[in-house]
Amino acid sequence: MLEKNIKKDFCNKETISLRASAEELGKEYHNIKELIIAIRKFIISHADSLPEKHKPGSILESRFTPAEDAFKKGMISCGAIVNIGAEMLRHLGYEVKLIHGECKQSVDHAWLSVFEPKTNSWVEYDLTRKEADIPSTHTKKLEVNSWEEIEGQIRRDHETLQERRKEREV
């Protein structure tokens, strides 16, 4: 159902709405993990359909580009995917937190935590991973409602990126 709409709308990229797409996915998927995986596929499928994807030049661009803009540009960095996914989930009424941390592949990584009413618990998901699972190599630094809450930390992380990469190599 949604796939047909997505393919039809790809003829005119400006017509794809994150909110309308979230509503369609929300009707189709009632299990939160399945919904999150479907949102991930939707974001990546859209980016793959664009003639050019926009690769963010820094963590600042990745985290602070508004979700709609990141989606239209086809940004698929961890921060951009988290922003897009969080916006879609919040539109559906889910409580979402953004997580600033690191993983095996990167000293700067982002994923999200979603409150699941059925279990009355927060569960973390990594939208850069096919099954959205969180491996033990992920380390959470901060959990926030919006990146603006920790803008200073993100700016410091941007400034010290090379140093932190070198430390990790040792």
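Glu 102 is partly exposed, with a relative accessible area of 23% (buried means under 20%, exposed over 50%, partly exposed in between, using a 1.4 Å probe and protein chains only). Glu 102 sits in strand 1; helices (H or I, at least four residues) and strands (E, at least two) are DSSP runs, numbered from the N terminus. This is a predicted model, where local features need pLDDT of at least 70 and side-chain atom pairs count only at pLDDT 80 or more, while totals for chains, interfaces and linings use all residues. Residues are numbered from 1 along each chain as its sequence is written, and side-chain values use heavy atoms, with hydrogens and water left out.

**Around Glu 102**

- Contact here means heavy atoms within 4.5 Å. Leaving aside residues up to four places away in sequence, Glu 102 touches Val 107, Asp 108, His 109, Trp 111, Thr 137, His 138, Thr 139, Lys 141 and Arg 168.
- The side chains of Glu 102 and Arg 168 are joined by a polar contact of 2.9 Å. That term covers a pair of N or O atoms within 3.5 Å; within protein, one must be able to donate a hydrogen and the other to accept it, and residues adjacent in sequence count only if both atoms are side-chain atoms.
- Glu 102 and Lys 140 are 38 residues apart along the chain, yet their C-alpha atoms are separated by 6.7 Å.

**Salt bridges**

- Side chains of opposite charge can pair when their charged atoms come close. The rule used here asks for a side-chain nitrogen of Lys or Arg within 4 Å of a carboxyl oxygen of Asp or Glu, and by this rule the count comes to ten salt bridges.
- Asp 157 pairs with Lys 141, with 3.8 Å between the closest N and O atoms.
- The Asp 157 end is buried, at 5% relative accessibility, whereas Lys 141 is partly exposed at 32%.
- Shared partners link the salt bridges of Glu 102, Lys 141, Asp 157 and Arg 168 into one network.
- Lys 27 makes a salt bridge with Glu 24, the closest N and O atoms being 3.7 Å apart. The two are three residues apart in helix 2 (residues 18-28), so about one helical turn separates them. Lys 27 counts as exposed, at 54% relative accessibility.
- Asp 48 and Lys 53 form another salt bridge, with the closest N and O atoms 3.6 Å apart. Asp 48 is partly exposed at 48%, and Lys 53 is partly exposed at 43%.

**Helix 3**

- Helix 3 (residues 32-49) has 18 residues and should span 26 Å at 1.5 Å a residue; its end C-alpha atoms are 26 Å apart, which agrees. The expected span is 1.5 Å times one less than the number of residues.
- Asn 31 caps the N-terminal end of helix 3, with a side-chain oxygen 2.9 Å from the backbone nitrogen of Lys 33.
- Buried residues in helix 3 include Ile 32, Leu 35, Ile 36, Ile 39, Arg 40 and His 46.

**Nonpolar core**

- A nonpolar core is a set of buried Ala, Val, Leu, Ile, Met, Phe, Trp, Tyr and Cys residues joined through side-chain atoms within 4.5 Å. The largest one holds 38 residues, of which Leu 89 and Leu 112 touch the most other members.
- Elements giving two or more residues to this core are helix 2, helix 3, helix 4 (59-64), helix 5 (67-73), helix 6 (78-91), strand 1 (96-103) and strand 2.
- Not counting residues up to four places away in sequence, Leu 89 touches Ile 32, Leu 35, Ile 36, Ile 39, Tyr 94, Val 96, Leu 112 and Val 114.

**Hairpin and positive phi**

- Strand 2 (residues 106-116) and strand 3 (residues 121-125) run antiparallel and are joined by five bridges; two strands pair if DSSP finds at least two bridges between them. Glu 116 has Ser 121 in strand 3 as its bridge partner.
- These two strands, strand 2 and strand 3, form a hairpin with four residues between them.
- Most residues other than glycine have a negative phi. Asn 120, in the loop between strand 2 and strand 3, has a positive phi near 55° and is exposed at 59% relative accessibility.
- Ala 132 also has a positive phi, of about 65°. Ala 132 lies in the loop between strand 3 and strand 4 and is buried, with a relative accessible area of 1%.
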